[in-house]
Amino acid sequence: MIPFLDLKKVNQQYQDELKAACNRVIDSGWYIGGQELEKFEQNFATYCGTKFAIGVANGLDALILVLRAWKELGKLQDGDEVIVPANTYIASILAITANHLKAVLVEPDVNSLNISVEALEQAITPHTKAILAVHLYGQLADMPKIMQLAQQHHLLVLEDSAQAHGAEMEGIRAGHWGDASGFSFYPGKNLGALGDAGAVTTNDAELASMLKALRNYGSHEKYKNLVPGVNSRLDEIQAAMLDVKLKYLDQETTHRRQIANLYLSKIKNPYITLPLSQIDALEYKQHVWHLFVLQTEYRDQLQQYLLENGVQTLIHYPIPPHKQQAYKEWNDLSFPVTERIHQQVLSLPMGSTLTLDEAEKVIELCNSFRPQGVH
Ligand SMILES: *Cc1c(COP(=O)(O)O)cnc(C)c1O
């Protein structure tokens with residue numbers, strides 16, 4: 001079986017260093033809010049090109065706490081509109097609604113599957129205060145245009161970079177485009193901890209300081225609480241694991257690009273649509289291939305065919321947020337592009353330990369697939 005992602009193999013690549021780091025933390029007797037966190041925060045900020053990185057408990061909290069901080073700082077108020085792509089992972093949208101802000105869903109661009117800049121522009125109203133730009137599947141949203149629109153309309157920009165560690169456009173990395181950016185280090189992400197973890201990156205010192213308080217009960221100083229915060233901290237042990245793996249991130253991305261290049265150049269099947277506009281992306285380093293997502297009208301048949309032949313695939317994602325029971329009030333809204341994407345997408349195996357031979361086998365199977373009941 002070729003697994004979608006073999007996490008054990010991923011971490012075994014660095015097991016000596018990971019175990020040494022783990023032992024160092026155990027022996028230190030200090031498990032929360034210490035040197036390991038500080039070191040990783042500095043290294044991750046440097047990696048992204050920002051002044052600050054603030055470790056938090058997970059990617060969802062990173063997004064939630066940025067919006068919360070902007071409320072505390074008077075930049076957002078209950079009911080303000082935040083524009084977000086309709087086809088994102090539900091966490092992006094949860095971050096908005098959890099803060100009593102209004103999520104305004106807009107369709108993606110049919111080629112990149114990232115937010116359509118035209119649809120975004122049309123959705124701006126006098127109540128719009130922020131854009132949540134998601135870099136879906138590892139490809140940067142059209143940040144130059146989004147930042148231009150944001151400037152024109154005085155909007156805040158929060159990046160959801162949970163799938164895009166290291167993705168780069170015009171020499172600027174994910175995490176450094178917007179006013180702030182949320183990252184997830186969930187184990188299966190391109191930079192993954194050995195448990196839950198996340199971070200915010202920003203150049204804004206005031207925001208960074210507010211986030212440091214918010215993640216720790218709203219306390220800047222022990223036992224003094226300026227704002228009602230939460231407990232959302234990045235443990236020393238996870239910070240130590242991440243600091244080991246950060247060193248190898250670019251190397252892993254290079255491997256992902258090599259796999260993606262093979263898929264893009266060799267999968268040839270009239271029933272399969274490959275990710276578009278991404279040959280360019282390879283050159284311009286916009287894409288870090290968190291996921292390799294193809295589209296086909298015969299998605300379920302293709303998935304079954306690959307599985308029967310020993311290839312595991314996943315669907316990102318089967319149900320769009322506006323069709324979820326959690327958002328009943330949106331169930332009657334219509335987003336045809338988003339809905340079609342959710343019916344047609346399939347993610348092929350991808351990762352730093354997938355071999356080129358395995359990729360060749362996936363390619364052969366994709367090429368030999370013929371849907372049933374079609375002439
Ligand atoms: C994974 C993910 C998140 C949430 O990250 P967690 O660490 O799982 O909370 C948010 N947005 C996107 C686009 C993601 O892929």
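Domain bounds here come from an automatic or database domain assignment. On that basis, the lining of the largest pocket takes at least three residues from each of domain 1 (7-106 + 114-242) and domain 2 (248-368). The model is predicted.

**Largest pocket**

The volume of the largest pocket is about 610 Å³. Its lining comprises 34 residues, and those nearest the centre are Tyr-89, Ser-184, Tyr-186, Lys-189 and Tyr-317. Helix 4 (59-72), helix 5 (90-97) and strand 8 (180-184) are the elements that give two or more residues to this lining. By residue class, the lining of the largest pocket holds 18 nonpolar, 12 polar and 4 charged residues.

**Second largest pocket**

The second largest pocket has a volume of about 430 Å³. It is lined by 16 residues, with Ile-32, Gly-33, Gly-34, Arg-215 and Asn-216 nearest its centre. Two or more residues of the lining come from each of helix 3 (35-48) and strand 10 (219-221). Helix 3 gives the most to the lining of the second largest pocket, namely 3 residues. The residue classes in this lining are 5 nonpolar, 5 polar and 6 charged.

| Pocket | Volume | Lining | Classes in the lining |
|---|---|---|---|
| Largest pocket | about 610 Å³ | 34 residues | 18 nonpolar, 12 polar, 4 charged residues |
| Second largest pocket | about 430 Å³ | 16 residues | 5 nonpolar, 5 polar, 6 charged residues |

How values were computed:
Residues numbered from 1 in each chain as written. Predicted model: local features only at pLDDT ≥ 70, side-chain atom pairs only at ≥ 80, totals over all residues. Heavy atoms only, no water. 1 Å grid on protein atoms, 1.4 Å probe; cavity = no way out; pocket = protein on both sides within 12 Å on 5 of 7 lines; lining within 4 Å. Points joined across faces, edges and corners; volume = space filled by probe spheres on them. Helix = DSSP H or I, 4+ residues; strand = E, 2+ residues; numbered from the N terminus. Nonpolar A, V, L, I, M, F, W, Y, C, P; charged D, E, K, R; others polar.
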